[in-house]
Amino acid sequence: MFGACGRIVQGRSDFITSGCLRSIPVGGGTIRRGMDAHAQKRPRLQQNSSSAAKWTKGANAQMGSPSKFIPLRTTGSFGVPGLHVTDHFVTVPLVHGAPEGHAEENIEVFVREVVQQSMVAMRNRPVLLFLQGGPGHEGPRPLDSGQSWLKAAVAHYRVLLLDQRGTGLSAPITAASLPRRGSPQQQADYLTYFRADSIVKDAERVRRALVPADSCGGKMAILGQSFGGFCCLTYLSQAPEGLTEVMLTGGLPPGITMPCAAEDAYRSLFPRVLAQNAKYYQRFPGDVEQVHRIVKHLQSLPGGCAKLPSLGVLRPRGLQVLGMGGLGMATGFERLHYLLESAFDADGHLSIGFLKAVEAWIGFDVNPLYLVLHESIYCQGQASRWAAHRVRQEDEFVDAFDAISATEAGRPVMFTGESVFPWMLEDFTALEPIREAAELIAAKTDWPELYDVQTLQSTNIHVASASYYSDMYVAFDKAQETAAQVKGIQQWITNEFMHSGIRDDGARIFENLLGMCRGTIMTFK
């Protein structure tokens, strides 16, 4: 795969460009209107009362150029150990670049600005925007300066933690709120504006509102984890002029030249999921029988399912979904084992603690965007049509992932990975109100393009990626095909981490990526 000199060694990592690998060891507040880099300088209007709102010029104001305001609302600041945190809301259009005559609707996206306590006054410090994995997950909430990657990042940057639209405090979408948009078709139409292309346009508004012109010329660096990395390549495709450096962790999207890469991705990922199952049962062989016991118990209940506390149901197929969080993350094996061992109470019934924990693990009722939009992240001109479900029914996988036949035959039950399936809308009752909208999203064909390969092939922006060889969420082989399309990309290929590397050793990963971007860590072709 890598050529004669490429290899992966336990405890070692590989830094590469898009050529051949060589292995080396790796030890109540203020309201402002933001302005873009071309905005006129306007006088500050400030009332005397300490409780009054304050209107100030935006971060990127420059004298003598056309005015273009970005509405910005700053709600307050607070401290956590070692960090100063400021909360902002930036107004963005629901539909960026809406055609003439389209009814304009605005939403607010939430951005949390984090700096070292000692650097608060340095407004011209370089800026880094972090793009969270997902889709549908809010940005991280800083607790203290000890959080690994964040601690490393604030040593170099002012860090912006974005709640991507539809999550956290950014016009959040829930299974209860979405039906208020109207019919299922109206709900589906609304959801189409919550993909990476819209997130990137939001980020550009954030940049123009919060990055001063004397900070790297109004440009910023971006760091993306998993789906956040997908967003980074969309950003690099659509608005590279706003960027200084691009860093990805487990986030090189597959099939960027394909109209929908979902099927291709799952065909590559499912064998990895099966391999992770084998490793799990080798580690915990007693769980083969424990899972059989759970499956048999579920089949013995009326309807072949157990009632969940939220009124949904747990069937064997739902039990298998625990692999999404249990098989592909560091400490996931242990967490899954401890969950399974607590399945039964003293009377041999599934315990309420176990059922509540299963709900918490799955979490689609709390975060429906993940389920509804998950496969659309691969689409640019073609429908996904529940790709994971279709691939699972193919000859290579249909028997392997059949929990009931595996139990009857005494084979280990295979958990599934990062996949969503249409039956989830039936089993998890809270999702019933958005079921029709989800089906429309799965059938949608006219998705806009997310990537511009010509732009990626000619970029002069420094791009560095941590690519995890054993990743169960982003197929390594498909990620390498994408890497070949990005000019000058430098990769740290390693099997030291699972998909959760940035959480497990974030400072080391961040410093390596930053060093690769800035040339302080040498790479080899």
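## Packing of H2 against H15

In this predicted model, helix H2 (residues 184-191) packs against helix H15 (residues 435-443) with the two axes 8 Å apart and at an angle of about 55°. Because angles of 65 to 115 degrees count as roughly perpendicular and those under 35 degrees as roughly parallel, H2 and H15 are classed as oblique to each other. Their crossing is right-handed.

On the H2 side, the contact is formed by Pro 184, Gln 185, Gln 187, Ala 188 and Leu 191. H15 contributes Glu 436, Ala 437, Leu 440 and Ile 441. Sorted by class, the contact of H2 with H15 comprises 6 nonpolar residues, 2 polar residues and 1 charged residue.

## Packing of H5 against H9

A further helix pair is formed by H5 (residues 262-283) and H9 (residues 332-341), whose axes come within 11 Å and cross at roughly 60°. This angle makes H5 oblique to H9. H5 passes H9 in a right-handed crossing.

From H5, the residues in the contact are Gln 276, Lys 279, Tyr 280 and Arg 283. Their partners on H9 are Phe 333, Glu 334, Leu 336, His 337 and Leu 340. The contact of H5 with H9 divides into 4 nonpolar, 2 polar and 3 charged residues.

## Nonpolar cores

The largest nonpolar core holds 123 residues, and within it Phe 354 and Phe 364 touch the most other members. Beyond its neighbours within four places in sequence, Phe 364 is in contact with Met 324, Tyr 370 and Leu 371, and also with Val 420, Met 424, Phe 428 and Leu 431. Another core, of 30 residues, lies apart from the largest one; its members include Val 85, Val 114, Ala 464 and Met 516.

Ser 419 is located in the loop between helix H13 (403-409) and helix H14 (424-427). Its relative accessible area is 2%, and the residue is therefore buried, the cut-off being under 20%. When neighbours within four places in sequence are set aside, Ser 419 is in contact with Tyr 266, Phe 270, Met 324, Ala 388 and Met 424.

Helix H17 (residues 476-483) is mostly covered, with 6 of its 8 residues buried. The buried positions of H17 are Phe 476, Lys 478, Ala 479, Gln 480, Thr 482 and Ala 483.

## Backbone geometry in loops

Most residues other than glycine have a negative phi, and most peptide bonds are trans.

Gly 134 and Pro 135 are joined by a cis peptide bond, with omega about 5°. Pro 135 sits in the loop between strand S9 (127-131) and helix H1 (148-154).

Thr 331, a residue other than glycine, has a positive phi near 65°. This residue belongs to the loop between helix H8 (323-326) and H9. Arg 385 likewise has a positive phi, near 50°, and lies in the loop between helix H11 (368-373) and helix H12 (387-392). With a relative accessible area of 48%, Arg 385 is partly exposed, since exposed requires over 50%.

How values were computed: Residues are numbered from 1 along each chain as its sequence is written. This is a predicted model: local features need pLDDT of at least 70, side-chain atom pairs count only at pLDDT 80 or more; totals for chains, interfaces and linings use all residues. Side-chain values use heavy atoms; hydrogens and water are left out. A nonpolar core is a set of buried Ala, Val, Leu, Ile, Met, Phe, Trp, Tyr and Cys residues joined through side-chain atoms within 4.5 Å. Buried means under 20% relative accessible area, exposed over 50%, partly exposed in between (1.4 Å probe, protein chains only). Contact means heavy atoms within 4.5 Å. Axes are lines fitted to C-alpha atoms, for helices over the stretch in contact, and angles run from 0 to 180 degrees between N-to-C directions. Helices (H or I, at least four residues) and strands (E, at least two) are DSSP runs, numbered from the N terminus. Angles under 35 degrees count as roughly parallel, over 145 as roughly antiparallel, 65 to 115 as roughly perpendicular and the rest as oblique. A crossing is left-handed if the near helix is turned anticlockwise from the far one by less than a right angle, and right-handed if clockwise. Ala, Val, Leu, Ile, Met, Phe, Trp, Tyr, Cys and Pro count as nonpolar, Asp, Glu, Lys and Arg as charged, and the others, Gly among them, as polar.
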